[in-house]
Amino acid sequence: MPSPSFSIITVTYNAALVLEKTIKSVCSQSYRNIEYLIVDGASSDNTVNIATRYKEQITHLKRFEIVSEPDKGLYDAMNKGLRKASGDYVWFLNAGDILKTKDTVENIASICNQKNMPDIIYGETDLINSNGCIFAERRLKAPLHLTWKSFRMGMLVSHQAFIAKRNIAPEYDLKYHFSADFDWCIRCMRRTDSIVNSGMRLVNYQYEGTTTANRKASLKERYEIMYKYYGVVPTQIRHLWFATRFYWAKIFQKNS
């Protein structure tokens with residue numbers, strides 16, 4: 001049976017406080033056909049020293065590479081990671097994120113073999129705080145069957161739980177500063193109908209960062225992306241429904 005390879009990519013900038021647990025999570029995987037790429041934006045803290053220390057200790061991964069240089073932002077760094085990747089699949093983990101179990105990648109590799117190397121594999125995500133404690137499931141749930149049209153209802157699959165074949169993965173569109181991952185997932189899905197639900201909870205996602213800190217700008221970009229792919233009127237109607245649902249959820253929460 002083939003042994004699919006995975007390029008796991010972590011983009012960092014001054015991430016010394018959270019990076020170590022992500023590195024440990026990747027390096028403790030039972031599956032060995034992994035290359036781990038850390039793309040750093042010339043951090044001024046201890047990020048690169050931490051990554052280098054682990055690189056010198058880890059010998060069982062297929063490849064462990066660190067690059068640190070100025071970039072034009074998060075998605076420019078992700079594009080650098082895509083260009084450096086050589087695995088069959090690319091998988092982005094933020095600094096602070098943790099793979100769910102030590103056999104998570106091994107289980108995904110097994111699905112790849114069973115399903116004849118699908119172009120996209122996806123799953124669910126749990127939210128963790130800065131102490132690594134799970135405090136919620138992700139509000140949006142991954143659908144049983146995912147297509148590019150599914151994202152009309154929002155980003156139903158977290159970027160960290162979306163694993164794409166490298167040969168179908170485009171570069172991120174740098175005109176989006178906060179939601180290029182939303183656009184990227186749609187473009188990946190538009191290139192294929194070979195999409196498999198892993199049925200697994202794949203990642204503990206640390207719920208903070210650029211998109212959270214710039215939520216209004218992120219939502220504006222997502223609206224523009226939905227407008228581009230799904231049309232004006234359908235997007236407006238859905239956002240009216242989103243607003244109504246949010247309003248009634250707040251009323252229910254206040255009265256309960």
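Student: Is Asp183 buried or exposed?
Tutor: Asp183 is buried, with a relative accessibility of 0%. Keep in mind that this is a predicted model.

Student: Which side chain does Asp183 meet in a salt bridge?
Tutor: Lys228. The N to O distance is 3.1 Å.

Student: Where do the two sit?
Tutor: Asp183 is in helix α5, residues 180-190. Lys228 is in helix α7, residues 215-230. The pair links distant parts of the chain, 45 residues apart.

Student: And how accessible is Lys228?
Tutor: Lys228 has a relative accessible area of 40%. That makes Lys228 partly exposed.

Student: At what angle do α5 and α7 pack?
Tutor: The angle is about 20 degrees. Their axes are 10 Å apart.

Student: What does that make α5 relative to α7?
Tutor: Roughly parallel. The cut-off for that class is an angle under 35 degrees.

Student: Which residues meet there?
Tutor: From α5, Phe182, Asp183, Ile186, Arg187 and Arg190. From α7, Arg222, Ile225, Met226, Lys228, Tyr229 and Tyr230. Asp183 and Lys228, the salt-bridge pair, are on that list.

Student: How does the contact divide by class?
Tutor: The contact of α5 with α7 has 6 nonpolar and 5 charged residues. No polar ones.

Student: OK, other helices. How do α1 and α2 pack?
Tutor: Helix α1 covers residues 19-27 and helix α2 covers residues 47-57. Their packing angle is about 20 degrees, and the axes are 10 Å apart. The two helices are therefore roughly parallel to each other.

Student: What about the handedness of the crossing?
Tutor: α1 passes α2 in a right-handed crossing.

Student: Which residues make that contact?
Tutor: On the α1 side, Leu19, Glu20, Ile23 and Lys24. On the α2 side, Thr47, Ile50, Ala51, Arg53 and Tyr54. By class, the contact of α1 with α2 has 5 nonpolar, 1 polar and 3 charged residues.

Student: Which residue forms a salt bridge with Glu20?
Tutor: Arg53. Their closest N and O atoms are 3.4 Å apart. Glu20 lies in helix α1 and Arg53 in helix α2, so the pair ties together parts that are 33 residues apart in sequence.

Student: How accessible are those two?
Tutor: Glu20 is partly exposed, at 27% relative accessibility. Arg53 is partly exposed as well, with a relative accessible area of 36%.

Student: How many salt bridges does a search of the whole structure find?
Tutor: The search finds 12 salt bridges. There is also a network of salt bridges, linking Glu35, Arg63, Glu65 and Lys84.

Student: What does Asp126 pair with?
Tutor: Lys100, in a salt bridge of 2.5 Å, N to O. Asp126 lies in strand β6, residues 120-128. Lys100 lies in the loop between β5 (98-99) and α4 (104-114). So the pair ties together parts that are 26 residues apart in sequence.

Student: Are those ends buried or exposed?
Tutor: Asp126 is buried, with a relative accessible area of 6%. Lys100 is partly exposed, at 25%.

Student: Where is Ala42?
Tutor: Ala42 is in the loop between β2 (34-40) and α2. Ala42 is partly exposed, with a relative accessible area of 32%.

Student: Which residues is Ala42 in contact with, leaving aside neighbours within four places in sequence?
Tutor: Tyr13, Ser68, Glu69 and Pro70.

Student: And how far is Ala42 from Leu82?
Tutor: Their C-alpha atoms are separated by 18 Å. Along the chain the two are 40 residues apart.

Student: What about phi of Met117?
Tutor: Phi of Met117 is near 55 degrees, again a positive value in a residue other than glycine. Met117 lies in the loop between α4 and β6.

Student: Is Met117 buried or exposed?
Tutor: Met117 is buried, with a relative accessible area of 18%. The cut-off for buried is under 20%.

Definitions and conventions. Residues are numbered from 1 along each chain as its sequence is written. This is a predicted model: local features need pLDDT of at least 70, side-chain atom pairs count only at pLDDT 80 or more; totals for chains, interfaces and linings use all residues. Side-chain values use heavy atoms; hydrogens and water are left out. Axes are lines fitted to C-alpha atoms, for helices over the stretch in contact, and angles run from 0 to 180 degrees between N-to-C directions. Helices (H or I, at least four residues) and strands (E, at least two) are DSSP runs, numbered from the N terminus. Angles under 35 degrees count as roughly parallel, over 145 as roughly antiparallel, 65 to 115 as roughly perpendicular and the rest as oblique. A crossing is left-handed if the near helix is turned anticlockwise from the far one by less than a right angle, and right-handed if clockwise. Contact means heavy atoms within 4.5 Å. Ala, Val, Leu, Ile, Met, Phe, Trp, Tyr, Cys and Pro count as nonpolar, Asp, Glu, Lys and Arg as charged, and the others, Gly among them, as polar. A salt bridge is a side-chain nitrogen of Lys or Arg within 4 Å of a carboxyl oxygen of Asp or Glu. Buried means under 20% relative accessible area, exposed over 50%, partly exposed in between (1.4 Å probe, protein chains only).
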